[in-house]
Amino acid sequence: MRAEDILPGDTSHIERGGMTLRKGTVAAFLANAAIWLDPAAEPADVAAAEAAMIEARPALEALALFDILAPRDPRLGALMGV
């Protein structure tokens, strides 16, 4: 299966379980996790990344991301409740 089989290029979101899942949710989570885990990141950037990851958690759960992948960093796993 390829990305366009799940979400065609002209589509920005899908509905699953009554939730709107936007294209880019997983990529945004990964980018935010990289900032959150970076010891050299600015505190304001870390706080913004953390807030965005917490906000995205329901969508990531609806995608079953953490049923398949687990964060290596225990702090990130704890933040995401996995």
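Is arginine 2 buried or exposed, and what is its relative accessible area? In this predicted model, where local features need pLDDT of at least 70, side-chain atom pairs count only at pLDDT 80 or more, and totals for chains, interfaces and linings use all residues, arginine 2 is exposed, with a relative accessible area of 56% (buried means under 20%, exposed over 50%, and partly exposed in between, with a 1.4 Å probe and protein chains only). Residues are numbered from 1 along each chain as its sequence is written, and side-chain values use heavy atoms, with hydrogens and water left out.

The structure holds 3 salt bridges, a salt bridge being a side-chain nitrogen of Lys or Arg within 4 Å of a carboxyl oxygen of Asp or Glu. Arginine 2 pairs in this way with glutamate 4, their closest N and O atoms lying 2.2 Å apart, and glutamate 4 is partly exposed at 36% relative accessibility. A further salt bridge joins arginine 75 to aspartate 73 at 3.6 Å, N to O, and aspartate 73 is partly exposed, with a relative accessible area of 22%.

The salt bridge between arginine 57 and glutamate 61 (3.8 Å, N to O) belongs to helix α3, in which these residues are 4 apart and therefore separated by about one helical turn. Helices (H or I, at least four residues) are DSSP runs, numbered from the N terminus. Arginine 57 is partly exposed at 28%, as is glutamate 61 at 48%, whereas the buried residues of α3 are Ala49, Met53, Ala56, Ala59 and Leu60. Just after α3, alanine 64 takes a positive phi of about 65°.

Conventions:
Helices (H or I, at least four residues) and strands (E, at least two) are DSSP runs, numbered from the N terminus.
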